[in-house]
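Biologist: I would like to learn how to read a model like this one. Please start with the overall fold and then go on to the details.

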Amino acid sequence: MWFLIVGLVLVLVLIVVLWIQELRHRRDFAKHIPWVRPYCPVLGNGLLFIGKDDLQRFRNMQKMFEGDRDLFRFYLGPKMVFGTNDPGTAQQILSDPNCMDKPYVYDYFLAGDGVFAAKTSVWMSQRKALNPTSNANVLQGYLPTLCRINSAMIKRLEVIPPGKTINFMDYASRLAVELVCATTLEYDINQLDDPDEFAHNMERVFYVASRRMLNVHLQLDAVYRWTKDYREERELRKMMESYAMKIYESAEQKFSTPNEADQDRECEKTRTLVQQLFANKHRKFEKIEILHNIYTIIAAGTDTTASAMSYTCLQLAMHPEHQQRLYNEIIDIFPDDSEPTITLEALNCLPYLEMVLKECLRLYPAAWIIMRESTAEVTINGLHIPKGNKFAVNIYSMQRRKDVWGPDANQFNPERFKEGRPATCHRYAFLPFSGGRRDCLGARYAMISMKIMMVYLLKHFRFTTTMREQDIRFRFDALLRINGGHQLQIERR
């Protein structure tokens, strides 16, 4: 019997050795590219993350991207990934038509058939069909709803006792999910039993997915299915599917049988996103695609916007001189105490607000790291990289490079965006909404909704905080999460 056991062990060892040799052979083309240590053949750079808490994981990930290397290698288990925080290298990766696929880790977000994670061939037809939903006519049509919901949010904030410390992200998340559902999906989340739970569960989906990314053993389905993360994911999936189905059924009743008047080209220019999903005559969306795009819209429009608003309010609380200057600008355009009459033209008359938002998006990009996979051979920095290789662009690190943004790159300074983007900056040095052909569909919507939020907030409240920049620490997550929350006090003006 022991002969059989020894034989099996020898065979397994031989298979592993041959597998490692084959991996090394496949990677010979990149052997001169710097790589991250410590490294071991099966775990890759996993020792930097396994057994570490979320704060240390984030710090270790950032250390990997330190230095002036335009391109380097790191390993998620046995899988090699090319990393960069260099704007020029990022442009080559993100603008290459053969480097538009999202790699396997995006499957963990439960939205593989939507514009967020779909393969390029599917994504291209979906994106073409949905592009009209971000035009000025559609965005103008959202303004009354955006204003109405922001006004209701002000009433919720007014009942908070003066001086009480709150995690502003809790309120921003509820506001953001309500806004994105009421506008792009034409659905009132107050119909749900617990609207706040809806936003919380979206955050948990991202967190569970991020844990699986860095834990090499969890990337194996056979192992993952025995973990508590898998059980939580199943519960989250059920709840998210339940939410999405309610939105789907509501929209199906309204838009599944469009009348002929809705089919002309002019009407297409004013359709909301959910209308395009159901009524587009050029590209029929399957049910699973609609559901996954509902997930995508909610996630992209909720966590990213809420995160940006929370960091903005926190920075203004830390820098009262900037808060006062922004308040003065808003009062100049919307002077009375009544409900502001907000138009796209009026929002364009708030240049300092745009500067503040861009500076916060630079310091705190929600999607702080993005990945791509090549579908054919690509050439990056003169290196010919075969099909199937993976790339990671660290936007957080790139947007804080001192050789790009100056010695004060880690400091809050809205003036750096006085002329739009600093003239000395590469156009890919600032990517708060990603870049290349696969950039964010909702970038214009996000900026408009954030401007309206800030108008309402600063007209009614003054923000203070005891937090300082050195208190801000990040934990590893799919989105840039602050440890301990955005601790603010609000005071009625």
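Modeller: This is a predicted model. Its chain has 18 helices and eleven strands.

Biologist: How compact is the chain for its 493 residues?

Modeller: The radius of gyration is compared with what the globule rule gives for the length of the chain. Along the principal axes, the C-alpha atoms fill a box of roughly 85 × 55 × 45 Å. Of the 493 residues, 56% count as buried.

Biologist: Among contacts between residues at least 6 apart in sequence, what percentage join residues at least 24 apart?

Modeller: The figure for this chain is 75%.

Biologist: Let us turn to helix packing. At what angle do the axes of helix 5 and helix 6 cross?

Modeller: An angle over 145 degrees counts as roughly antiparallel. The axes of helix 5 (residues 136-158) and helix 6 (residues 168-183) cross at roughly 155° and come within 10 Å. The two helices are therefore roughly antiparallel to each other, and their crossing is right-handed.

Biologist: Which residues of helix 5 and helix 6 meet?

Modeller: From helix 5 come Tyr142, Thr145, Leu146, Ile149, Asn150, Met153, Arg156 and Leu157; from helix 6 come Tyr171, Arg174, Leu175, Glu178, Leu179, Ala182 and Thr183. By class, this contact has nine nonpolar, three polar and three charged residues.

Biologist: Take one residue there. Is Ile149 buried or exposed?

Modeller: Under 20% relative accessible area, a residue counts as buried. Ile149, in helix 5, has a relative accessible area of 2%, so Ile149 is buried. Leaving aside neighbours within four places in sequence, Ile149 is in contact with Leu175, Glu178, Leu179 and Ala182. Ile149 and Ala182 are 33 residues apart in sequence, yet their C-alpha atoms are 8.8 Å apart in space.

Biologist: How do helix 12 and helix 18 pack?

Modeller: Helix 12 (residues 287-318) and helix 18 (residues 443-460) have axes 11 Å apart and pack at an angle of about 40°. That makes helix 12 oblique to helix 18. The crossing of helix 12 and helix 18 is right-handed. The residues of their contact divide into ten nonpolar, three polar and no charged.

Biologist: Which residues in helix 12 and helix 18 meet?

Modeller: Helix 12 brings Thr305, Ala308, Met309, Thr312, Cys313 and Leu316. In helix 18, they meet Ala446, Ser449, Met450, Met453, Met454, Leu457 and Leu458.

Biologist: What phi do Asn381 and Ser434 have?

Modeller: Asn381 is not a glycine, but has a positive phi of about 55°. Its place is in the loop between strand 5 (378-380) and strand 6 (383-385). Ser434, also not a glycine, has a positive phi of about 65°. Ser434 is found in the loop between helix 17 (402-405) and helix 18.

Biologist: How do I read the accessible areas of Asn381 and Ser434?

Modeller: The 20% cut-off applies again. Asn381, with a relative accessible area of 38%, is partly exposed, whereas Ser434, with 18%, is buried.

Technical notes:
Residues numbered from 1 in each chain as written. Predicted model: local features only at pLDDT ≥ 70, side-chain atom pairs only at ≥ 80, totals over all residues. Heavy atoms only, no water. Axes fitted to C-alpha atoms, helices over the stretch in contact; angles between N-to-C directions. Helix = DSSP H or I, 4+ residues; strand = E, 2+ residues; numbered from the N terminus. Parallel < 35°, antiparallel > 145°, perpendicular 65-115°, else oblique. Left-handed = near helix turned anticlockwise from the far one by under 90°. Contact = heavy atoms within 4.5 Å. Nonpolar A, V, L, I, M, F, W, Y, C, P; charged D, E, K, R; others polar. Rg over C-alpha atoms; globule rule 2.2 N^0.38 Å. Buried < 20%, exposed > 50% of the residue type's maximum accessible area, 1.4 Å probe, protein only.
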